[in-house]
Amino acid sequence: MTAQSTDILVDDHLAKRNALLLALAQAIGGASASIVIATGPLVGYMMLDEDKALATLPVSTMVLGTAFGTLPAGMIMRRYGRRVGFAGAALLGVLSGLLASFAVFRDNFLLFALACSLGGLAGAFVQQYRFAAADTASDAFKPKAISWVLAGGVLAGVVGPQTVIWTKDLFSPILFAGTYLAQAGLALVAFCLLLFIRIPRPPRISHAQAGGRPLGEIMMQRRFIVAAACGICSYALMSLVMTATPLAMIGCGLTETDAALGIQWHVLAMFGPSFFTGHLISRFGKERIVSIGLALLAGCSIIALMGIELAHFWSALILLGLGWNFGFIGATAMLTDTYRPEERNMVQAVNDFLVFGFVATASFSSGALLNAFGWQTVNYLVFPFVVLCLGLLVWLVWGEKKAVTTS
């Protein structure tokens, strides 16, 4: 146990314990998001009448809830601690599932979208799991702690879609009503797990240091700009394609089970590599791993543009998940280089606000783009953003090398 930077406690033993608990909670809590992703557009499609352009709105409201929840999540956990914030959010997840199930029974689209937004608010705290795992970790263990937590999504990749398959007909002929009751149960299990985490609050610091540097100064760092941009693009592009995929699959004559299993493979690909992504980052560097992730996102769209058979959809979803994993975890690790301990909560919250604001825009646009312009257009939109982020990474590496040379 040592002190790192300015008075923050470092204990890798405690960090490993917390990372394992948070990984389990990620497995359960993350399943809720995959349930909405797999079924939300389909529920919306069934509830809407002639105009199906808003079918992806439930997923968009979930992501928008996450975006609006990021700043309050940071403030709540800064004041009351990680455990209180995480456990309270899990109870909100229980309420979201119960309300969504009631909305499906009542065939109320707006109420269902509201329930998904509450799940998104709870998801804002789930997104902080990866940062919480790094709170007491040493610099060497931080990338691994982050990837351990996200590795919990491997189980979520099975639990979420399988929950859909097992429960979608539970109250037949009302499709998916039982699924959202099960979602509430999963959130309750996550609540029980989160009661056991132990993360000390940030130490009290002098008044002069209380606020850290101005937020604008932190955000103007070259590394922050590139980390935020790559995190935004990795997540938003993934959301753009993923949200449209279940509807595109149904439109091409495939079944709801095909779509749910496709999302399962996608989520497994998102989180499966997390067992070794931290090691790859430590060995090859954050920038290289992010670059590989961006290339995989482009590869997803290339496969999707090659055909509309089941194999094309599933292969594209797998590459989409892998690209998100390398791109987003690498960008998250880059972000941890940009702030001091007393600045961490606000910087993390602002970063997630930016990320999920753009993700909400992408998921909301996804259904309208698919409905108006088709599946190909959705995939073509990936390429310019990948090129932009690769250019920013070159700009970062060149600038940092130049700074070292001049110094």
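T163 touches I35, K168, T179, A182 and L186, residues up to four places away in sequence not being counted; contact here means heavy atoms within 4.5 Å. T163 lies in helix α7, helices being DSSP runs of H or I with at least four residues, numbered from the N terminus. The residue is buried, with a relative accessible area of 8%, where buried stands for under 20% with a 1.4 Å probe and protein chains only. The model is a predicted one, in which local features need pLDDT of at least 70, side-chain atom pairs count only at pLDDT 80 or more, and totals for chains, interfaces and linings use all residues. Residues are numbered from 1 along each chain as its sequence is written, and side-chain values use heavy atoms, with hydrogens and water left out.

Helix α8 covers residues 177-194. At 1.5 Å a residue, its 18 residues should span 26 Å, and the end C-alpha atoms, 27 Å apart, agree with this; the expected span is 1.5 Å times one less than the number of residues. Buried positions in α8 include Y180, Q183, A184, L186, A187 and F191. The buried residues of α8 pack against α1 (12-47), α3 (82-106), α4 (109-126), α5 (129-134) and α7 (153-167).

A nonpolar core is a set of buried Ala, Val, Leu, Ile, Met, Phe, Trp, Tyr and Cys residues joined through side-chain atoms within 4.5 Å. The largest such core has 99 residues, and F112, Y180, Y235, L320 and W375 have the most contacts inside it. Helix α10 (residues 222-251) gives the most to this core, with 18 residues. Apart from this core lies another, of 25 residues, among them L22, A25, V149 and I197. Leaving aside neighbours within four places in sequence, L320 is in contact with L237, M238, V241, M242, H266, L297 and C300.

V355 sits in helix α15 (residues 344-373) and is buried, with a relative accessible area of 1%. Beyond neighbours within four places in sequence, V355 contacts G231, I232, Y235 and F328.

Finally, the lining of the largest cavity draws its largest share, eight residues, from α1.

Technical notes. Helix = DSSP H or I, 4+ residues; strand = E, 2+ residues; numbered from the N terminus. Buried < 20%, exposed > 50% of the residue type's maximum accessible area, 1.4 Å probe, protein only.
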